[in-house]
Structures are given as structure tokens and as C-alpha cells.
Amino acid sequence: MVSTLVIALRACVVTLVLTGVLYPLAVTGVAQVLFPHEAQGSLVVDERGREVGSALIAQGFTRGAYFQPRPSAAGNGYDATASSGSNLGPTSQKLRDRAVADAERLRKENPDAPGPVPAELVTASGSGLDPHLSPEAARWQVPRVAHARGVDPARVLAVVEANVEGRTLGVLGEPRVNALLLNLALDRQFGRAVEPVHPTGAAAAPVGASSAAGLEQP
Amino acid sequence: MTLIGWLQILLFFALVLALTKPLGGYLFRVFEGEHQPLPRVLGPVERVLLRLCGADARQEQTWTQYTVAMLAFSLLSMLGTYAIQRLQHVLPLNPQGLPAVGPELAFNTAASFTANTNWQSYAGESTMSYLSQMMGLAWHNFVSAAVGAGVALALARGFTRRPGPAGQKTLGNFWVDLIRATLYVLLPICFVYALFLVSQGVLQNFAPYRELLTMEGVKQTLAMGPVASQEAIKMLGTNGGGFFNANSAHPFENPTPLTNLAEMLSIFALPAALTYTYGKMAGDTRQGWALFAAMSILFFAGVAAAYAAESQANPALVASGAAQDGNLEGKELRFGVCGSALFATVTTDASCGAVNAMHDSFTALGGLVPLVNMQLGEVIFGGVGAGLYGILIMVVLAVFIAGLMVGRTPEYLGKKIEAKEMKLAMLYVLIFPLVILGLSAVAAVIPQGLSSLNNAGPHGLSEILYAFTSGTANNGSAFAGLNANTPFWNISLGLAMLAGRFLMMVPALAIAGSMVGKKVVAAGPGTFPTNGTLFTGLLVSVVLIVGALTFFPALSLGPIVEHFLGAAGKAF
Amino acid sequence: MSSASSKPASLFDASLLKPALLDSLKKLHPKDVARNPVMFVVWAGSLLTTVLVVKDLIAPRPDGAPLWFTVSVMLWLWFTVLFANFAEAVAEGRGKAQASSLRKMRKDTLARRLVDGREERVPAPSLRKGDLVVCEVGDLIPGDGEVVEGIASVDESAITGESAPVIRESGGDRSAVTGGTKVLSDRIVVRISVNPGESFLDRMIGLVEGAARQKTPNEIALHILLVGLTIVFLLACVTLVPMALYSGVPLSGTAVVALLVCLIPTTIGGLLSAIGIAGMDRLLRKNVLAMSGRAVEAAGDVDTLLLDKTGTITLGNRMATELLPLPGVRREELAEASQLASLADETPEGRSIVTLVKDTYKMRPRELQAHQATFVPFTAQTRMSGCDLNDPQPRSIRKGAVDAIVKHVQSQGGPVPPELAQAAGRIGDAGGTPLAVSDGSRVLGIVHLKDVVKGGIKERFDRFRAMGIRTVMITGDNPRTAAAIAKEAGVDDFLAEATPEAKLALIRTEQGKGKLVAMTGDGTNDAPALAQADVGVAMNTGTQAAKEAGNMVDLDSNPTKLLEVVEVGKQLLMTRGTLTTFSIANDVAKYFAILPALFMGVFPQIAPLNVMRLSSPLSAILSAVIFNALIIIALIPLALRGVKYRPLGAAALLRRSLLLYGVGGVIVPFVGIKVIDVLLTAVGMV
């Protein structure tokens with residue numbers, strides 16, 4: 001019995017060192033050499049070379065000239081240190097109220113948008129950090145973005161289409177557009193949207209109709 | 001449901017099928033073969049490691065010795081993880097300066113990872129230092145999977161070993177199984193797999209959390225850490241404890257549809273392969289394929305139900321007037337409804353518990369599928385090892401019923417199933433209703449239980465039921481709205497997880513011990529075959545009947561009632 | 001095989017019903033019920049609802065379930081217990097009826113005990129092992145024992161149902177006598193071999209009454225399964241109460257008890273002991289007495305059957321089938337000599353020769369006296385028999401084993417033609433026995449004695465094969481002969497030139513291969529093999545030693561009875577298995593009846609779950625409870641008769657049973673509960 005405990009203790013130490021220390025260090029070492037960009041978080045820079053986020057992580061957009069990602073339940077919204085879904089169930093009154101409010105706001109912000117509000121714009125993602133929109137949801141926002149930027153919707157739409165990622169191998173996942181990358185592309189093409197930042201700065205913060213404001217020329 | 005969705009499901013399953021034989025054959029050679037694979041490279045390492053452990057590799061163990069070794073190792077490793085969490089504030093690799101983990105949470109987490117559950121009452125990125133994640137948690141991801149595999153192998157040996165001339169009653173050596181599973185199987189696969197994950201965008205660094213300004217100039221902090229190395233074993237070891245709170249829904253854990261496929265594959269890979277290994281051990285691979293087939297039938301039933309349910313509109317969203325393209329609440333767009341429903345089925349079929357979508361926000365019936373999957377005993381491929389020993393217990397029950405029905409004393413692989421095995425099998429079966437229903441019933445009426453609920457109405461009961469089911473089934477997924485980080489939940493769930501692990505492993509090992517010495521009865525036309533479709537069908541029915549009959553009343557007050565209420569437009 | 005006790009009594013014999021009804025009430029005693037945990041839960045539930053009814057009577061609650069409902073559920077729960085008790089009582093009753101007729105025989109016989117050569121009259125029950133008793137014409141033998149002196153014809157019909165008397169004599173294989181049998185002639189001295197209460201008759205009575213019934217291994221295992229399931233459902237129902245409380249659903253105690261009773265496997269739980277008793281009973285009706293239920297179960301598992309050739313596979317006696325004259329001998333000459341040699345030979349072989357000659361050569365038996373013939377009987381020394389004639393001239397005709405005749409002829413200086421050995425060899429190859437016939441110093445030819453395989457035996461072996469049982473013939477014959485007979489009879493294998501040791505070794509080898517072996521035997525030298533075999537069936541005509549060694553006794557002494565024993569063993573397991581499956585499958589429908597009924601009050605939206613469209617929640621619960629009780633009654637005949645065994649492969653058998661009792665078990669209650677609901681509504685009860 002005692003000898004078994006001694007073996008168990010030694011086995012703990014052996015496996016701990018092997019799998020808890022050597023293995024992650026080895027992976028880190030090799031990964032830093034082979035895939036330094038990815039290993040560090042796939043950071044992206046804007047047209048001025050400033051690191052503005054990770055290509056994989058959603059960030060809040062409140063300006064009318066930017067495509068808005070899905071609502072986020074991470075922290076107070078898009079908090080990359082507090083990933084989370086809403087965890088509201090299908091008979092949740094809270095969820096129902098939230099969706100109704102979101103849909104109302106979106107309809108008000110996008111008066112020219114075609115058809116009903118896309119489903120993902122009223123549903124919080126699992127992580128709260130989902131950077132993607134479906135191509136339909138992006139297209140739905142095109143009239144608003146084009147209006148805010150004062151450009152031809154067709155040109156905005158072209159940027160959207162250029163940023164659509166298809167299914168991997170034709171079957172895996174869903175076609176999608178990365179909102180952050182799309183907005184970066186817009187800024188590169190049409191100049192940076194500067195105004196206005198709402199005081200809340202957070203997720204589902206209402207984007208006023210007046211937000212279709214000034215564009216800063218590069 | 002779409003055709004492409006189904007193609008994705010079929011592609012996934014085809015890959016599982018394709019992996020089963022080669023990987024299962026490899027496992028057989030690792031654990032049972034005369035000639036170890038990779039002997040030149042890793043053979044000496046194995047010997048050195050065993051010598052460092054002080055274990056005599058040639059010494060085979062009886063079931064009691066095996067059990068004692070397994071329990072001793074599990075106990076000490078659990079204490080180790082408890083200590084690491086409690087001391088993380090004074091240990092290195094804590095760039096965020098996170099404080100020590102509280103005692104109840106540390107107990108819950110230590111129990112959780114020791115039991116291969118990886119239930120998380122905490123949010124990884126805001127609670128655990130890099131050192132706690134790597135050494136406290138990822139370590140367990142390896143060894144708890146290895147322990148599970150060991151127990152399954154021991155039970156498989158109990159059934160398949162032919163008693164030697166000396167009345168051999170041993171089941172192998174726990175330490176050898178532990179080291180071999182880690183060294184030959186988990187580590188090499190994980191190393192390659194982790195690098196693949198990094199290539200797709202999964203983090204692997206020791207940097208402090210990254211602060212930057214977003215495009216709109218808002219401060220955003222990106223959590224960092226050695227994620228990929230942990231992610232790989234989290235899936236392969238069917239552990240499921242995410243580095244981050246959102247688990248595999250987090251883009252840093254599961255960035256692309258390709259990683260999603262790989263993660264699902266790695267959940268099923270070892271449990272599926274073990275069925276083939278078992279067939280090889282039984283000297284008849286069809287024995288293994290019969291188990292595989294039963295698991296596959298249940299898998300497809302689950303995924304079809306989940307996919308169908310999640311393709312429906314979420315009743316809570318109907319009022320918004322938004323388009324209803326399946327239920328997207330709590331789902332990541334890159335995976336979509338199909339990728340999420342499939343992942344949810346896979347992760348709860350196997351006792352993984354990683355999630356790429358929030359099960360709490362699934363439709364009532366969509367959430368019922370993961371719940372039922374777990375309540376069936378984690379035998380649909382199941383956890384590494386746990387799936388095999390779980391299904392073998394079900395086999396004992398199926399064989400018993402079938403044996404009686406053909407008028408013969410029941411036997412399996414030529415060994416008679418007698419009162420003693422039935423007693424142990426029933427002990428095993430009883431743990432689930434006892435712990436799950438018992439604790440759920442308590443939590444459903446006391447304020448300490450109810451105050452943690454995130455949803456009201458039937459969904460609240462589902463949250464309770466899901467928590468104890470997940471804990472006892474050693475799954476670890478959650479209806480995550482439940483705030484489990486309270487003393488009541490941390491302690492009750494911690495105990496549930498330990499019960500669901502060890503109170504079930506011990507009867508399984510005892511059955512192994514009782515079977516191994518049994519005389520082998522020659523098979524004849526009067527023995528019904530356990531390697532054909534008929535037996536597969538029977539096994540499926542037994543699994544369904546045992547699970548469904550046990551939990552149907554409770555489920556009917558949770559997801560089932562919720563389904564009808566939701567359809568009628570009720571909300572809570 | 002005409003046997004008095006194997007008459008199939010109708011399942012519900014009116015004379016048995018009344019005591020059975022009484023017994024089912026008596027069995028409500030907690031001590032009796034507690035032996036069966038499944039029914040104990042029902043019993044406790046019934047008690048609980050009774051308390052609830054009383055409480056409602058004293059202090060009615062306006063919001064509670066209506067009184068008529070609580071009372072109805074209570075009554076039907078009690079019925080459930082009573083029905084299960086009734087099943088057991090009926091099964092026991094059938095055994096008891098047999099036992100009481102057996103017991104009559106045991107009535108106060110006065111035994112004539114020999115003490116120091118003096119006779120004294122003592123009551124039979126006071127006899128002890130080792131006592132010597134005298135039995136003469138008309139006496140009932142007072143106890144089991146062994147004849148140590150004398151020879152007598154004994155009427156054993158009371159035990160065996162066989163009316164022809166049997167010979168019992170000291171020494172040899174026919175020395176065992178059974179208490180309760182009657183001496184018809186002569187006088188014997190018997191050494192009593194058992195103490196009171198342990199006799200054959202006692203054991204038989206105990207077994208058929210079910211009193212001495214011990215649970216068999218499979219029964220214990222099944223019992224564990226059922227207890228486990230009961231605990232599972234107990235947990236499911238008890239925990240449902242707080243969960244319902246969470247959901248705002250008030251659950252009445254009556255409803256929860258009703259749900260619990262419907263879910264636990266009452267059908268199989270209630271019938272389990274009846275099945276076991278009925279199995280023993282069925283075996284007894286086939287005139288086989290199993291020493292334990294374990295032996296019956298083992299019979300169902302048998303893989304290899306060892307069968308003695310003589311008496312089992314072949315008719316006990318060889319028959320003359322052909323006359324083979326040597327060259328230069330007329331056929332008629334051989335026929336006449338064979339006939340003469342056999343006329344006075346009363347052995348079956350001898351008679352068969354006479355018959356053959358009469359039928360084939362139309363030669364009427366000649367009057368021996370007319371020839372002043374003297375019969376020469378068979379002796380172990382000469383190994384010949386025949387007759388000596390004096391008229392018209394002295395002749396000495398002999399028949400016997402070939403080598404014996406050769407010696408006989410050579411001693412008289414006669415020639416032995418080589419054809420003799422050739423012919424004998426051919427007969428041996430064909431499985432026959434050659435019998436040479438000589439007249440004086442001349443060898444005339446050979447009579448071909450053949451083992452005659454019993455009619456229908458091949459079909460029986462085919463059936464064994466279909467069951468997966470291998471048959472092995474045991475014979476003292478040489479391998480050539482054995483092979484020929486084995487082929488004709490269709491056995492799978494044979495053991496030739498078998499000695500008791502070889503037999504024992506064969507059993508051990510088979511067992512070493514993991515097979516269960518059954519054998520029949522009667523002689524003392526069979527005892528070790530009988531003991532070694534997993535199932536040893538001793539012939540009742542056999543020795544006491546053989547009977548002690550085996551674990552079954554065939555009262556008819558018919559070795560092919562093993563087939564039926566195996567079938568009964570299998571039937572026993574199958575009946576349990578199928579009813580278990582049926583019982584569990586029933587739960588699906590019961591859930592769909594009761595659960596919606598429980599929750600519909602608070603959640604009317606779940607109405608679609610009420611797939612049977614039962615008229616009201618109360619009716620739904622009551623219908624399920626009534627169905628649950630009635631199904632026990634409905635299945636009593638099946639439990640007593642056992643499910644029909646078909647010699648199919650295991651897979652086919654399983655498929656059939658699963659379809660019938662698994663799928664059927666899911667469907668039947670849906671229909672049954674609906675029908676009861678319709679009836680209840682029609683009579684205006686709900």
C-alpha cells in the first residue's frame with residue numbers, strides 16, 4: 001500500500017514534468033518558429049500600421065460607416081478577457097426582449113435594408129467574440145454603410161463580396177465575412193470613418209441615424 | 001437542414017471510420033502487442049520513465065492491485081492540482097497576477113480534471129494562471145485520459161484473456177498502461193496536432209494579455225496563453241476543459257471550420273479506435289465493430305435530432321421579426337447550425353464536454369440531445385476508455401437478457417455472466433440515477449441551488465439536470481448560464497464527478513477481475529453471436545431503455561415541457 | 001412410457017383455484033412478500049395508498065384527487081400484489097396436488113425391522129440409515145434402500161407410473177428400491193440408505209411443493225437485475241416529487257405510487273417464482289426428478305450429450321437380420337440349424353433368430369420334444385448355446401461367438417473354412433455382430449445380428465444439432481462397429497470400446513474445452529461419470545449409487561428423455577428472459593399514459609404527449625394501473641406452461657423473441673391501456 005503510494009507519487013512527478021512542462025514548452029518553441037504570427041494571436045494592422053486587433057476576435061463597431069458584428073455577451077460586449085454567450089434559453093423572456101429591442105434598433109438604423117433583420121444580428125454568438133457575419137447579413141448592412149460613407153452601395157457591395165470566405169473543402173462551416181477585416185478593407189478603400197463614438201462604446205449600443213457622419217480623408 | 005450540412009456530417013463520420021482501424025491497430029500494438037511500435041525511439045524512454053516511477057513493468061496486477069494503483073495515482077494527482085491552484089499566486093507564469101483559486105473552486109476543479117470531466121466553474125482567462133493551466137489542468141488532460149484507457153484495457157483483458165494454465169487472474173499493469181498511453185499515444189499525436197492548431201490561428205505563447213485600441217479606438221484586451229498545446233489534449237483526451245470560458249466556441253481555441261473538424265475528429269478518434277483494439281484483443285475484430293456499429297447508430301440518431309431541432313426557429317426570437325435561419329443564439333457563424341449541432345452531439349456522445357456553441361441557448365429539443373447523450377452513460381464512443389468500459393457494462397446487460405431469451409446461461413466471449421457480474425453491473429448502472437436525480441432533486445428545491453440559475457421555468461430545471469448529468473457522466477459541458485461557482489454547486493458537482501468516475505470504475509474493474517479467471521465456454525450454434533447486427537440492435541435498445549426509462553420523468557419536466565411551452569409561445 | 005402422473009392437468013384446475021386464492025391472501029404477510037423485493041415495493045405502495053385513503057376519509061382535502069380515484073388505485077394496487085401471489089400459489093398448488101398423492105404413500109407404513117435377526121414392527125418414519133427391514137408380498141417398502149438379500153418383483157408404478165413390475169435383487173445394478181413401492185412377489189431384505197425426511201419421496205414432495213426450492217444461479221442474477229431496475233425507478237419517482245415542486249406541479253402520493261408500481265418490473269417480478277416452480281413441475285410431468293433447480297438450468301446449457309449406445313440409440317437387443325451360409329452349405333440347412341439352436345433360447349437374440357427363420361424361410365418351429373432335444377444353455381465359459389438332438393440321429397447344434405464356435409469345431413476335428421472369418425469381418429464392419437452356427441464338427445454359416453437403431457432417433461439428434469448440442473455415442477463395441485452405428489444413428493461422434501475410465505476421461509476433456517456435458521447412466525460403474533458430468537441423469541432402474549451420483553433421476557428410465565430435459569431447461573430461461581423483456585418494454589407505454597396525465601393540469605400545452613388520447617388524467621393513471629395488474633393474470637398461463645421452445649439457432653431464436661416480446665411488449669400496453677380507458681369511460685367511472 002505504502003509502496004503503491006510512493007510509486008503513485010513518483011508517477012505524478014514524472015507525468016507532470018513530461019506533459020505539464022516539457023510538452024507545452026516544446027510546442028511553444030516549435031510554434032514560435034513555424035507560425036509566429038498565428039501563435040501570437042493573428043494580429044492585424046490598419047492602413048496606418050497600428051495594431052487594431054486580432055483577425056479572429058470580434059470588436060465592437062458603433063459607427064454607421066462600419067459593418068457591425070453580431071451582438072456580444074462577452075463581458076460588457078466584445079470583452080476578449082471574458083468570452084461568453086448569453087446562455088439564455090428558448091423560453092427566456094430576457095432573450096425575447098433583447099431580440100425585440102435589437103431588431104427594432106437595427107430596423108431603425110437600416111431603413112433601406114432589404115428584407116427582415118438577419119438572424120445572426122439579433123443573436124449573440126457562443127464566444128461573444130465571433131468576428132463573422134454571413135454574406136447576407138453583410139449585404140443587409142450595405143445600404144447603411146454606403147450611405148454613411150457617401151459612396152455607391154455597389155462599390156461597398158463589391159468590397160463585401162471580395163471578403164466572402166466560402167466553405168472549407170466545399171462542405172465545412174458556413175460562408176462568412178469577417179467584419180473586422182471587411183471594415184479594414186473599407187477604410188483602406190474609402191478612407192477611415194471617424195465619427196462619432198458613442199459614450200457607452202459597447203456592444204449593442206444603438207447606432208444613431210446621425211452617426212452617418214464625417215469621413216476622415218487619408 | 002441542408003444537403004451540405006449532411007455532407008459535412010457524413011464526411012466527419014467517414015473520417016472517423018477511416019481512422020478507427022489504423023489507430024485501433026496501433027493501440028493494440030502499443031498495449032497488447034509483442035512488438036512495441038516506435039521501439040527504437042521511445043522504447044528506452046518508456047523504460048527510463050517506468051524506472052523513474054519505481055514500477056516493475058513485468059509485474060502483472062490483479063484487479064485489486066490495479067484498482068489500488070489507479071486510485072492512489074488519481075488521488076495524489078488530484079491533490080497536486082488542488083495545491084497548484086491554491087498556490088498559483090506565488091508560482092511563476094502568472095503574468096496577469098491572478099490570485100489564488102478559492103478552496104471550493106479549487107476542489108471542484110481538481111475533482112473535475114482528475115475525473116476527466118473538465119467541468120469548469122471558472123472562466124479560464126480570468127481565473128487560472130498559465131502555470132495552473134499547463135501543469136494543473138493540461139497534465140490531468142493527459143493522465144486522466146490515460147487512466148481511463150487503462151481501466152478500459154483492464155476490463156477488455158478481463159473479458160478477452162483466456163485463463164492460463166496457472167489460472168492467471170491478472171489484468172495488466174496500471175503503471176505500464178499509464179506510461180504507454182501517455183508516451184506512445186497522447187504525446188506524439190498532440191504534438192503534431194497542436195502545431196496544426198497553431199497554424200490555423202490557435203494561440204501558443206506565454207505573453208501577458210495584449211492590450212490595444214480597436215479600429216474605433218476602444219481599448220481591447222486580448223487574452224493570451226499556451227492554448228494550442230492544451231487544446232490538442234483537451235480534445236484527444238476527451239477532457240473538454242477550455243483554456244477560455246467560451247471553450248471551443250472561442251476563436252482562439254477553434255478558429256476555422258477545419259480546426260472544428262479536427263477537434264471533433266480528435267474527440268472520437270481514440271474512443272472509436274479502442275473498439276477496434278478491443279476486437280483485436282478478443283481475437284475477432286467483428287466483436288469490436290459490433291460495438292462501433294451500436295455507437296454509430298446512436299450517434300446518427302443524436303446528430304439527426306440535434307440538427308433537425310437546431311434548424312428550427314428559436315421561439316424566443318420569433319417575436320423580434322428577424323429572419324429565422326435556424327437557431328443561431330449562442331452559435332458561432334463560422335460553424336453554423338450544422339457544425340454546432342454536430343459538435344454538440346459529438347462532444348456529449350464522447351465524454352468530452354468541449355463546446356463550440358452554448359448548449360444553454362439550444363432549442364429545447366436541441367438541448368435535449370446532449371442531455372440524453374450523456375444520460376445514456378457516455379457510451380456513444382464515450383470518453384477515452386470510459387466509452388469502452390461503459391459500453392461493455394451495457395453489453396453485460398444485453399448479453400444477460402439475450403442469453404435468457406435463447407435459453408442459455410448468458411455468456412460473453414465464452415465467459416459466463418453470473419450473479420456476481422450482474423450485481424456489479426447494476427451497481428454501475430445505479431450510480432447515474434442516484435447521483436444525477438438525487439442531487440438534481442435537492443438542487444431544485446433549495447435556495448443554494450436555485451439562486452444560481454440563469455433561466456427560469458422548465459429551462460432552469462434543465463440547467464440543474466444538465467449540470468449534474470454532465471458532472472456525473474464526466475462530460476463537463478454545461479448549460480453554462482448556471483453560475484456553478486458557489487460553495488453548494490462546487491462541492492456537490494465535485495462529489496458528483498468523483499462518484500461518476502471512481503464509483504463506476506471500481507465495479508468495472510471488479511467485473512474485470514471476476515471475468516478474467518473464468519473458464520471459456522466454447523461457442524456453438526446455441527450461443528448467440530455478439531458480433532452481428534442483431535446483437536448491435538439489442539445493445540442499442542438496452543442502452544436506450546436503461547437511459548430513457550431512468551431519466552424520462554425528469555426530462556419531461558425539463559426540455560420536453562419546455563418544447564411544448566415554447567411552441568405555444570410561453571416565456572419565463 | 002405410459003405414465004399416470006404425466007397427464008397434463010388443465011392450467012386452472014377448479015379444484016386448485018380455491019386453495020390458490022386463499023394462499024394468495026395468506027401470502028400478503030410481510031414476511032412472505034419481503035422475499036420478493038419487486039412485489040414488496042408494490043405491497044408497500046399499496047399500504048401507503050391505503051393510508052392516504054384513510055387520511056382522505058378522515059380529513060378530505062378539497063384540492064386533492066377525488067376519493068373514488070384514490071380508492072380505485074388502492075384496490076388495483078392490492079390486486080397487483082394478490083395476482084402475483086396467485087400466480088405463485090397456482091404454481092405451487094399444481095405441485096402440491098402431485099405431492100399429496102405422493103404423500104399418501106408415505107402414510108404410516110409399519111416396517112419390519114430386523115434387529116439381531118429378530119423382526120420387530122416399527123413405524124416407517126423411525127427408520128434410520130443402515131437399518132435392515134424385511135419386505136414380503138404385499139408390503140410397501142418403508143424407505144429408500146438397497147436389497148441385500150433375495151429377489152422380488154416390485155410395483156413401482158406409484159413413483160414411475162409404469163405398471164409393469166420390475167425385478168429387484170441383491171447385488172448388481174438392480175438392487176435399489178424406493179420407499180413407497182410395493183413388493184409383489186418373494187421376500188427381500190433391504191438396507192435403508194437414508195434418514196427420515198431425506199428419502200426420495202421426501203425430496204420429491206419438497207421439490208414439487210416449492211418448499212425446498214432454492215433460487216437457481218440465473219434466477220439470482222435475474223433477481224439482481226430486477227432489484228436494480230426497481231431501485232432505478234424508485235429513484236426516478238421519488239426525485240420526481242421535488243422536481244415537480246420546482247415546476248409548480250403538485251403530485252399526489254397516489255399518483256407517484258401508481259407511476260412507480262407501473263414502472264417497476266412487476267410482470268416478471270410477480271411471475272418469477274411461479275416460472276421456477278412450474279419448470280420443476282413440467283420436468284416432473286415428464287417423469288424426471290431433478291435434484292435441484294440448478295441442474296435444470298444446467299441442462300439448458302448442455303453442449304455435449306454422452307449417450308449409451310445400448311438402450312438409448314439402439315434397441316436394447318440385437319436382432320437377426322440375415323443368414324450367411326458358408327460355401328457348400330444350403331441356406332435351408334443353416335436356417336434349420338439356427339432355428340433348432342434358438343428354439344429354447346429365450347433371449348431376445350434367440351427369439352429374433354426364430355422369427356427370422358419363420359418369416360424368411362417359412363419354416364415353422366419344430367417341436368423340440370419330438371426330437372427329444374436337450375437344450376444347452378449359454379454359459380460364460382462356453383459362450384455358446386444350442387441343443388443336442390437324439391432323433392433321428394444324434395446331432396449337436398451350437399450357435400455362439402465366432403471364436404467360440406471355431407474352438408468348438410476344431411476340438412471335434414472339424415475344418416474351419418477361411419470364408420468364415422471373412423464373413424464375420426464384413427458383418428463387424430457393417431456394425432453387426434456375427435454369430436456362428438455349427439452342426440457337429442461342421443461350421444454351417446453365420447447369423448448376422450444387427451443393432452437396430454431406434455426409430456426416430458436420427459430426427460432427435462438432428463434436433464439436438466439444431467439446438468447446438470453435440471451428441472457422442474458411448475459403446476463397448478469395437479471402433480468399426482461403433483462407426484457404422486454412429487453413422488446410421490446420426491450421432492456426431494462416438495467413443496468405442498468404452499470403459500468407465502474412458503468415459504470419465506472423455507467428460508473431463510469436453511469440460512476442459514469449456515463444454516457442459518450431460519450423460520445418462522444406470523450402473524454403479526457409471527457413478528463417477530455421472531458425478532463428473534454437469535448434468536447426470538440416472539435411470540430409476542439403476543443402482544442407488546448411480547442415483548446418488550447424478551443430479552436427475554429419470555423415473556421412466558428412458559435415456560432419450562435428456563432431450564426433453566434440455567428443452568425444459570431452455571424453456572425455463574427463455575420464459576424468464578422473454579417476460580423480463582416484455583415487462584421492461586411495457587414501460588414505454590406506461591410513461592406515455594401517466595406522465596402527461598401528471599403534468600397536464602399545470603402544462604396543458606403538453607397534450608400532444610398524450611398519444612393514446614386517454615380521456616382524462618385520472619383515467620390515464622387508473623388505466624395504466626389496471627393494465628399493469630391484469631397483465632400479470634393474463635401471463636400466468638404463459639409462465640406456467642413456459643414459452644414454446646423451437647430448435648432454431650440462437651440468433652433466429654433471439655430475433656423471434658425480441659420481435660414477439662420486445663416489440664410486442666412496447667405495443668401491447670398501448671392497446672391495452674387505451675381499451676381499459678375506453679371501458680372506464682363507457683361505464684362512466686371517469
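Guide: Helices here are DSSP runs of H or I with at least four residues, and strands are runs of E with at least two, numbered from the N terminus. One such helix, α8(B), is followed by T238(B), whose phi is positive, near 45°. This is a predicted model, in which local features need pLDDT of at least 70 and side-chain atom pairs count only at pLDDT 80 or more, while totals for chains, interfaces and linings use all residues. Residues are numbered from 1 along each chain as its sequence is written, chains are lettered from A and ligands numbered from 1 in the order in which they are written, and side-chain values use heavy atoms, without hydrogens and water.

Visitor: How do you know which pair of chains has the most contacts?

Guide: Contact means heavy atoms within 4.5 Å. Among the 2 pairs of chains that touch, chains A and B have the most contacts. Chains A and C do not touch, and their nearest C-alpha atoms are 14 Å apart.

Visitor: How many helices and strands does chain A have, and how much of it is buried?

Guide: Chain A has 6 helices and 7 strands. Of its 218 residues, 57% are buried.

Visitor: What makes β9 and β18 of chain C edge strands?

Guide: Two strands pair if DSSP finds at least two bridges between them. The open sheet of 7 strands in chain C has the order β9-β21-β20-β19-β10-β17-β18, with mixed pairing. β9 (288-290) and β18 (493-495) each pair on one side only, which puts them at the edges. From one strand to the next, the twist averages 20°.

Visitor: How do you know that β10(C) pairs with β17(C) and with β19(C)?

Guide: The pairing with β17(C) is parallel over 5 bridges, and the pairing with β19(C) is parallel over 3 bridges. T304(C) stands opposite R470(C) in β17(C) and opposite V517(C) in β19(C).

Visitor: Why is β10(C) called largely enclosed by the rest of the structure?

Guide: 5 of its 5 residues are buried, so the strand is largely enclosed. T304(C), L306(C) and D308(C) point one way, L305(C) and L307(C) the other way, and all are buried.

Visitor: What makes helix α17 of chain C a helix that packs on the sheet?

Guide: Helix α17 (residues 500-512) touches β10 (304-308), β17 (470-474), β18 and β19 (517-521) of chain C. Axes are lines fitted to C-alpha atoms, for helices over the stretch in contact, and angles between N-to-C directions run from 0 to 180 degrees. The direction of α17 makes about 160° with that of β19(C).

Visitor: Is I667(C) buried, exposed or partly exposed, and which patch does I667(C) belong to?

Guide: I667(C) has a relative accessible area of 46%, and is therefore partly exposed. I667(C) lies in helix α22 (residues 650-682) of chain C. Together with L659(C), V663(C), V671(C), V675(C) and L679(C), I667(C) forms a nonpolar surface patch of about 530 Å² accessible area. Patch residues have over 30% relative accessible area and no salt bridge, with like charges joined within 9 Å and nonpolar side chains (Val, Leu, Ile, Met, Phe, Trp, Tyr) within 5 Å. A salt bridge is a side-chain nitrogen of Lys or Arg within 4 Å of a carboxyl oxygen of Asp or Glu. Accessible areas come from the Shrake-Rupley method with a 1.4 Å probe, and for residues only the protein chains shown count as cover.

Note on methods:
Buried < 20%, exposed > 50% of the residue type's maximum accessible area, 1.4 Å probe, protein only.
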